[in-house]
Each structure stands twice: as structure tokens, then as C-alpha cells.
Amino acid sequence: MKISIIDYGAGNLPSVERALRSLGAETECVTKPEQIAAARALILPGVGHFSAFVTGLRERNLTAALRDAIAAGIPILGICLGLQAMFASSAEAPGDQGLDLIHENVQALPTNVKSPHIGWNQLRRLRQSILLRDLPDDAYFYFAHSYAAAASEPHTAAACEHGFPFAAVLEQNNLMAVQFHPEKSGEAGWRVLRNFLEWAQ
Amino acid sequence: MTLARRIIPCLDVDAGRVVKGVEFAGLRDMGDPEELAARYNREGADELILLDITASRDGRATFLETVRRVAQQLNIPFTAGGGIRRLEDGNAVLRAGADKVTVNTAAVERPELISELAAQFGSQAVVLSMDVKKTTAGWEVFIRGGAESSGRDAAVWAREGVSRGAGEILLTAIDRDGTCSGFDCGLTAAIAQQVSVPVIASGGAKTFDDFLAVFGEGQADAALAASIFHTAEHSIGSLKKYLAGCGVPVRLSR
């Protein structure tokens, strides 16, 4: 199936694209609202600053199109900053609005732990997860972030802990997101992408 | 649930070939960067670092091509650098497929470079590389591949780099580089205690116990090595199994 990867002007598109293609998916990079409206499955990858990210989406008129697509039930996978963008706002850029699909805020990691949280970490599953299907409980994933959304019952399928328990895998109907980088997480990460592809079929 | 200590092989490249020197001099050919990258990816490396040690500016296109080809081999994080002087240099390396960029000499000469890169790409993409040697003044930062003293104190520079937005410190003990005499745990711990970001220890790796020491008394978050992996003296997999057996949290691939 064809996966539409949202290109907001920065970010790690090539590695996400390469991973999906290796898994047999057809990919296209989309930059226009009408392309999002026509998409069958979406990926929202993101690195860098929350403000640059949501501004990039807004300036390309992608914000409303994304919200509409998600409301219409189109499967979407947010990656890293793409997870954080699903929230109302972030402490990284208090003046900027996120997509607000989850009405909570993204917080800074506390000062008693190393920040950014960089490296391979494990997850604690809170409930059955589509994205983590067939993966061992002790699998490692690669994280690189300084902000995170607190793990919370309705949306968090698996949490990671670094200073506080945060949402590492978020699954809410057709809205899915991971705080780690599946495209950079070896075999385990590619399994997550494959699970998304199979579920989005 | 624990953040794993990382094992990071490093490829020093010159004109498209992996080379390795001893104490920053006397280069030896160690192989093809793509082949080594693919092997390390397979063996369970947690990340790969590629450094351009070509002195000339015209080697730039060759280096970017190497970055592009190596990136194709990896499904782990990938850092590239060497000769990054401006924002555009960093951008070129990231566009070629790297996830993070390292800065060294140019950042010492113009610390704003760190801030510029962090503002554009985020702190998680900026690694401050420091080459450090013990002098009568203490731990001092050296530049131009270890050839010249910068007059800066290592701990002070590390703190400034982090306050300017560096997300990790790659700390090389010049006196240990390529000597296989063990990591400098004293230096590594001294810097790790000074900064809030992860520290990657580099220089001197030889035995499995060197890694154990740098993750213990050295307080390193990650350890880098080149020669011992290139020569296949040790496989990354067996090193990680050894560390796991000693209670160090590492990611074991199956």
C-alpha cells in the first residue's frame, strides 16, 4: 500500500522512507493539504524544535488537513516530535499550538536526569499494543528527545521512564505515535513499522 | 527498564577509505566504509560515527558521498562530522543521511556554531567533539586534529558547549588514541560530572575490561572504539555479552 510521509521542511525523511520501502511499502512525500486529504495512510516524522515543526505545518496549510484526515479515520503514525505534535502544546514552545488531538501538554524532562534522553531504552507495556505485536517485552528502542508527554491511561499503550514515566507508544483509535525512532531502532524498530503497515492495510 | 550503555564504532575516513592512526598520526588503511558499516550494524553496534579526517576542502564532496553510502547500510543512529565549519556544512551532512553532526575545531574558534546548529536541527543532532590532553595547566582542549592547544580548560569548554546547545559530548583522550592502553577514566568521569548531557568516551580501547571500567568509574554513557573492531580483534556482540554478564545494561541483539 502507499504510505504518505508528511514533509514539513525538515526532519529525517530519507531514513523513514528507506525503512518503509525495505518493508515493501510504496512511499510518497507529501507537502500539500490535498495530498493529505487523498492519503490512505500517513506518517508524521519529526526532529528538531516543536515551534519550527508546528510552524512548518501551519505555513504549508497542513494543520487543518491533518486534523481532518485523522478525524476521518485515516491511519497515522507520528514519530518523535510527530508524537509531541499530537498534543495541545509543549513546554519547548509555550506560545505555539500543537494539533491538539490529545488535550494534554508535553513537558520538559526533569533536571535530575541527563537531557536530552539519548540512547536505547526499554518500555513498560500498559496494555495490549498493535505497534508492539510480536516484540519481546525487553526490546530496546532508540530515543533522542528533551521533552515528553506524561504516560496517561487512555492513550498510552507503553511507557518509558526517564525522570518520569512518559508516553513511548501512543495508540488511540487510528492515531498512533512513538516517541522513539523506529527507523533507527534496528530490527525491533522495523518490526514496529511493519506492524503499522499491516494494521493500516 | 534502563537506558543502555552504548557501544559505538567509529570510522575515520580519508578519500573514501577507512583509516586509523596512532595518537592522531601515522595512518593505516582499514577497509571500505560501507562494508564496515554494514558489519557493525549487523553485529549490534548501537550507533555509528563517521569522521572526515581529510585535511583538504576539496575532499568534501567525496566525504558527503561516503556519508550517503554509509547511511544506506544502517538502521541505527548515524553521526558524521570532521571539518564542519558553518551551518551549511552541518546541513549537508544531515541531508546526506546522518542523524547528528559533530563539531570540533570550528566550534572552539567560533562557539556560536554550536548554537546555530542546535537552533536549526535541535540539540539531539549536535555532538560536541573535544580532543583533550593533560598539560601543566590541567585538562586542555586541543584543536586541528590534536596539533594545537586551544588554551581552553576541558570542563569549562564542555559546560559552555552544553549551554550553547550541544546534546552530547564526544570526549577523546589524545594521549590514549590508538594506543590500546585503556580509556582515560579519570578524564571521562571529570567531564561527565560537569555536564547534564551524555558523554561518549573515546581513545585507548583495547580489552573488554577497558569498557567495563569506563562505564563504571569513568561514568561514560557510551564508549567509542575503532581499531579493535576494524581488525576484528573483538566483535561488538561478544563485547556486549561480556558487559551484560558483568551487570552493565546493554542492548543485546538476537
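Angles under 35 degrees count as roughly parallel, over 145 as roughly antiparallel, 65 to 115 as roughly perpendicular, and the rest as oblique. Keep that handy for the second stop. What you have open is a predicted model, where local features need pLDDT of at least 70, side-chain atom pairs count only at pLDDT 80 or more, and totals for chains, interfaces and linings use all residues. Residues are numbered from 1 along each chain as its sequence is written, while chains are lettered from A and ligands numbered from 1 in the order in which they are written.

**Stop 1**

Select chain B and colour it by secondary structure: you get 10 helices and 12 strands. (Helices are DSSP runs of H or I with at least four residues, strands are runs of E with at least two, and numbering goes from the N terminus.) The C-alpha trace spans about 45 × 40 × 40 Å along its principal axes. A compact globule of 254 residues would have a radius of gyration near 18 Å, so the 17 Å of chain B agrees. (That radius is taken over C-alpha atoms, and the globule rule is 2.2 Å times the number of residues to the power 0.38.)

**Stop 2: two crossing helices**

Now pick α8 (residues 208–215) and α10 (residues 236–245) of chain B. Their axes come within 10 Å and cross at roughly 50°, and therefore α8(B) and α10(B) are oblique to each other. (Axes are lines fitted to C-alpha atoms, for helices over the stretch in contact, and angles run from 0 to 180 degrees between N-to-C directions.)

Which residues make the contact? Show F208(B), F211(B) and L212(B) on α8(B), then L239(B), Y242(B) and L243(B) on α10(B). (Contact means C-beta atoms, placed from the backbone, within 7 Å.) By class, this contact has 6 nonpolar, no polar and no charged residues. (Ala, Val, Leu, Ile, Met, Phe, Trp, Tyr, Cys and Pro count as nonpolar, Asp, Glu, Lys and Arg as charged, and the others, Gly among them, as polar.)

**Stop 3: S163(B)**

Jump to S163(B), in helix α6 (residues 154–163) of chain B. Is S163(B) buried, exposed or partly exposed? It has 13 C-beta neighbours inside 10 Å, so it counts as partly exposed. (Buried takes 20 or more other C-beta atoms within 10 Å, exposed 12 or fewer, partly exposed in between, with C-beta atoms placed from the backbone.)

**Stop 4: where the chains touch**

Finally, show both chains: 30 residues of chain A are in contact with 24 residues of chain B. On the chain A side, β7(A) gives the largest share, 5 residues.

Methods
Two residues are in contact if their C-beta atoms, placed from the backbone, lie within 7 Å.
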